[in-house]
Every structure is written in C-alpha cells, then in structure tokens.
Amino acid sequence: RVARFRISTIRCFLASSPPSRQAVRYAVLTARRKDLLRTALREAGIAGPPFAVARDPDEALRAADSIGYPVVVKPPSGADSRLASVARDRAHVRAACDRVLAGGVDALPPGWRPQFTRGLLVEGYLAGPLISVEIGMRDERGYVFCISGRTRARDDEVIEIGPHIPAELPGGQERDCAAYAESVCRAIGLDRGVFHLEMIVTARGPVLVEANPRIMGGIMPTVYQHATGRSIYNGFLQVISGAAVDCAPPAFGGCVTGRRFFARADTAMPASWETGWLDSNAGQLIRFDPPDSLGLRPLQAVRRGQVIARMISRGPDYAATAKAGTRISDLIQDSWKIPLLYGEYDICNN
C-alpha cells in the first residue's frame, strides 16, 4: 500500500505544476533547520521565540542569559526532540550543552549524527498547550485538515505522550492557529502539499515550535482516520493533483487519542506480559500494541524514554480518553512492574 501510494503521489505531482527544484529545496531546508526557520519567521514579521545559535557552551550561556530563563537548548536540526532540554538556570544550560556536544550524539544511529552536529540552538521557553496544524497549501490557499492536541510527559515536557483529535480549542484560538500556520507556510515557501506544523498556544497567540515539510507521521494518520472517517493521504493527493479538497469538519463529535507508554527509568521487560485486564477497557479501546509488536522481547533491557506499548482510544472528549490512558498506565505498572511516564493532564496518585 505504501509503494502504491508513493507511485501515485509521484505521478500526480509530475502531472501538476510543481514549483522549481530550487524553491522546493529552499523550503525544505528552511523547515528542517530550526535556526533558518526562526530567521525566516523573524524577517517575515511572524511571531517566534527569541533565539540564538551557539557554537560552544560559553556562547550558549551568554545567549541564555540574554534571552532569560527558562530556555530550550537543542540541536538546530534533528528528529523527535532528541537531545532537547528545558534549562532553568546556567547549570542546566551547561548540562544540556554537554548532552549535545560531549557524547550524546554518539548514542544515535550513525546515519543520524551529522544533523545533530551543527552547534546549539538556544531559544526562549514557550508556555501553553502544544498543538499541531495539518494544513494543505495550493495556489496560495490553505486547507486545514485538522488541529490536534499534543500531550507531553508530566516529568519531561520534551517527550510527547501522544496526539488527540480534535485539539478542543475555543473557536477563536482555532482560527488564529489556522491563520498562523498558513502565514508560516507562505513565509518559508511551503506552497504545495500537506504539512505538519507544531506550535504552542501562548497567552499572546500561537508561536511555532517546528514546521515539518511532510504529512503528519507516526500513529497520527491512524488517529486522524478514526476521528474523521477520512484518510489524510487522500487529502494529500487531492491537494497536489488539483482536485477539489475535502477538509470539512468530521461528523464524529467525540475525541480519538493516541498514546505511547514510555519507561520512566532504565529497567527490564518482565518474563511475560499479561493483557487480560484490557477486556475491562474494551469499550474505549480502538487498538492496543503490546511490547512484542514493537520488537521487544521478554527480559530485554529498556531505557528511560523508550516506548514499550501504544494504544488508540475513543471517548466523548479528551478528558475521557486521558482517564483511559491513565487507567491503563496504572494497570501496566501493576502487572508488568515497569515505571511509566504520565501525561501532563493525567490525574493520578503516582
């Protein structure tokens, strides 16, 4: 199915009138390099966090002192928030620099290392809920397919527990986020395709975290399909082929949530994992992926921050699905004896 989708995508793209290769390369490079992205937004007069690029810990400390604490320290390019840290004082900044510059990269797969060796990005901390806008762009017009909420870990906010659709924002904030996403795409040249933009809804409005020049990834397309009854890939083909684009609000009035279960500490998998307790949650569960479906084996060592299971659930609203996620987290901990990271909105005693 993936191969057929890629072939269809190429044919539709070639049959349309794509922008020049140089323009595409500029837009993708700008999106993938957070330092270039921040610069493009600033030059376009679009809201973004204060930032600086540092070559060494001393420059990073000077940048953090100038921006004001807390700050976020991370590589200018990368994936899935790897080596990103929230630093609340100078000691935290130096520790974050050491993670990126002094050995943290060596723990990554060899093919990933070059993109994590371009210095340090130090930027102002953004307070507010994390959301993402899935937006199609064609002929200077934006098509918003959905706005999803993003749940972060309660003990480590650079780790995303999972998405939920819809984000359940007030109408005014939804419109602001959609308009902001469209302005970002125009500023950096993302003018044909479907893009995944993450932002924080701050007190002064949405502010970009990152712009991905691609369709939403991971478990999100599946969550979107269950929440809307539509495929984001069909929407992508509509956008690039010139067909009418269907991004009307879905008929389903509830919320669908994806959740990853992260180990809270270095530990080991149990000798076996029993999941009979899932039966009591069958009414809300759409799907549960146990450890073996993720390639984990009995008694295998796992690291803090490693995913050991996943689920998708449905409920009348996000609060209901968050309760289901908390309940299953508790059951996993009790049954498998693995400490887990909880979500920022979970209500629990752990």
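Modeller: Helices here are DSSP runs of H or I with at least four residues, strands are runs of E with at least two, and both are numbered from the N terminus. The model is predicted.

I start with K337, which is in the segment after α9 (318-336). K337 is not a glycine, yet its phi is positive, about 60°. K337 counts as exposed because its relative accessibility is 62% and the cut-off for exposed is over 50%. A268 belongs to strand β11 (residues 267-268) and, at 35% relative accessibility, is partly exposed. Leaving out residues up to four places away in sequence, A268 touches L299, Q300, A301, V302 and I338.

D139 is another non-glycine residue with a positive phi, near 50°. D139 is in the loop between β5 (130-138) and β6 (141-152), and it is exposed at 61% relative accessibility.

Helix α4 (residues 57-67) has E59, A60, L61, A63 and A64 as its buried residues. In an α-helix there are 3.6 residues a turn, so residues three or four places apart point the same way. The buried residues of α4 pack against β1 (51-54), β2 (71-74), α5 (90-101) and β4 (120-124). At the N-terminal end, D56 caps α4, with a side-chain oxygen 3.1 Å from the backbone nitrogen of D58. After α4 comes G68, with a positive phi near 100°. The loop between α4 and β2 holds P70, and the Y69 to P70 peptide bond is cis, with omega near -5°. The bond joining I165 and P166 is also a cis peptide, with omega about 5°; P166 lies in the loop between β7 (160-165) and α6.

L37, A40 and L41 of α3 meet Y180, V184, A187 and I188 of α6. By residue type, this contact has seven nonpolar, no polar and no charged members.

Last, the cysteines: a search of the whole structure finds zero disulfides. C97 is buried at 0% relative accessible area, whereas C247 is partly exposed at 22%.

Methods:
Residues numbered from 1 in each chain as written. Predicted model: local features only at pLDDT ≥ 70, side-chain atom pairs only at ≥ 80, totals over all residues. Heavy atoms only, no water. Buried < 20%, exposed > 50% of the residue type's maximum accessible area, 1.4 Å probe, protein only. Contact = heavy atoms within 4.5 Å. Polar contact = N/O pair within 3.5 Å; in protein donor to acceptor, adjacent residues only side chain to side chain. Disulfide = S-S within 2.5 Å. Nonpolar A, V, L, I, M, F, W, Y, C, P; charged D, E, K, R; others polar.
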